[in-house]
Amino acid sequence: MFPLRVQGLAFRPERQTVLQDLDLDLSGDGISVILGPNGSGKTVLLRLLSGLLAPSAGRIDWNGRDQPNGRLAMVFQHPALLRLSVFRNVEFALAAQGGERAARHARTREVLERVGLAHRLDESARLLSGGERQRLALARAWALRPRMLLLDEPTASLDPSATEAVERIIREIRTDGAKILMTTHNLGQAQRLADDIVFLADGCVQEHVPVRRFFSQPQSPAARAFLQGELPWRIAFDR
Amino acid sequence: MTETLFEALRLVVVVDYQLLAIVALSLRVSLSALAIGVLIGVPVGAAIAVQRFPGRGALIVVLNAMMGLPSVVVGVIVYLLLSRSGPFGEFGLLFSPAAMIFAQTLLVVPLIAAVSRQIVEDAWNDYAPELTLIGVRRWDAVVLLIADCRFSLSLAALAGLGRAMSEVGAVMIVGGNIDGFTRVMTTAIALETSKGNLALSIALGMVLICLILMLNALAYGLRCWALRRVG
């Protein structure tokens, strides 16, 4: 599955250019964080890697294959939880993979315990708080034992304590052997979690460097402006 | 006019036996048609919402158009199917409650399927990325989404119930409005009005409206209770 090589990737829906000529190499361990202004294509890149979107041009090479040969899971900014119990929201994902009922139930209980939701197994997922919903979504992805986990702003709109809980779970999933690629707008979170930073701007990778180097010596003018809180990016309002 | 209204109220209050029999048959026919309509319409609508196949767009247009299917047209079609010379004539169902259930089912299935399709498709648009990545097969997604949208789908059932209970043309044609056998509220109202028996017509109308209100109130109450429990 790794190394993952992205070459000349472009995504141009309906005369817009979201990504253009994007190159990226990722190893199979650690946490890579994608940073960049809104509209830079962070979420689109995750969706292209997951196969939910098809690229307009370019190639995604999973260690010589067109498709990943390990499991890939994704957690969205607003996870879709079914109107089922907490337990069933994880178990149905395992059921979709097949396998024995007893093993599915054991795995479900295990991951829910690890994300701190074991005491709410029978409650409706729709009644959970925002932080709990995100933990449940992480548990569902984790239950599948992904080799790569894509996280799209997993702590957006969460308070600090819920954010801390989610970050702890992300580290545990990484320790469990999953490569994590995530987007965030939270620079503090990027510094806490990331091994390396992929900085996207204007639809392509401006920098891909270790986290310390990115925050201490950003090389590209766009990254420097981003870190200094400048606002050089303009959103065009179509009339 | 006032006398007629008082007489209508008297018929309702004293629980006229004739009126009670008509109400009971109306409920039996319409609720049976609704049950069959839900069993067919909801899965069909959900399947169209989730599956992709050639001609899907055209099918949705036809399904939506069939929500306005004239009940007399359905009545004529069912009449032809069940009449002695028709393909199902040998079963002798014409002018029976079974024929009325059949006709009302044909009326409510497209309505329930069309509303269900829209409800489930909206949910599918939200869930599709995650369910696809998890590896849920489309047919399994149909089942999951029906369960997930069950409270919203109750609206489709209520729309079907309203259609069935208020319908007069089809049941008149295939039921024959036979006193004590196939006379339901709507056909009785039409008949009694033409005979000038306005008191019974108004009494039946009041009962019909009250029944529909009560069933909707019950469904609304159940929905609120369930939403508080499962969100």
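Two residues are taken to be in contact if their C-beta atoms, placed from the backbone, lie within 7 Å. By this criterion, in what is a predicted model, 14 residues of chain B are in contact with 16 residues of chain A. On the side of chain B that touches chain A, helix H5 (97-134) and helix H6 (138-148) of chain B each supply at least two residues, and the greatest contribution comes from H5(B), which gives 7 residues. When this side of chain B is sorted by class, 7 of its residues are nonpolar, 3 are polar and 4 are charged.

Chain B itself contains 10 helices and 0 strands, so that its elements, read from the N terminus on, follow the order α-α-α-α-α-α-α-α-α-α. The C-alpha trace of chain B spans about 65 × 50 × 25 Å along its principal axes, and of the 231 residues in this chain, 40% are buried. Among the contacts in chain B that link residues at least 6 apart in sequence, 80% join residues that are at least 24 apart.

The largest nonpolar core comprises 138 residues, of which A:Ala139, B:Ala103, B:Ile112, B:Val120, B:Leu145 and B:Val174 touch the most other members. Helix H5(B), already noted for giving the most to the side of chain B that touches chain A, also gives the most to this core, with 22 residues. In chain A, and with its neighbours within four places in sequence left aside, A:Ala139 is in contact with A:Val90, A:Val111, A:Leu112, A:Val115 and A:Leu117.

Methods. Residues are numbered from 1 along each chain as its sequence is written. Chains are lettered from A and ligands numbered from 1 in the order in which they are written. This is a predicted model: local features need pLDDT of at least 70, side-chain atom pairs count only at pLDDT 80 or more; totals for chains, interfaces and linings use all residues. Helices (H or I, at least four residues) and strands (E, at least two) are DSSP runs, numbered from the N terminus. Ala, Val, Leu, Ile, Met, Phe, Trp, Tyr, Cys and Pro count as nonpolar, Asp, Glu, Lys and Arg as charged, and the others, Gly among them, as polar. A nonpolar core is a set of buried Ala, Val, Leu, Ile, Met, Phe, Trp, Tyr and Cys residues joined through C-beta atoms within 7 Å. A residue is buried if 20 or more other C-beta atoms lie within 10 Å of its own, exposed if 12 or fewer, and partly exposed in between; C-beta atoms are placed from the backbone.
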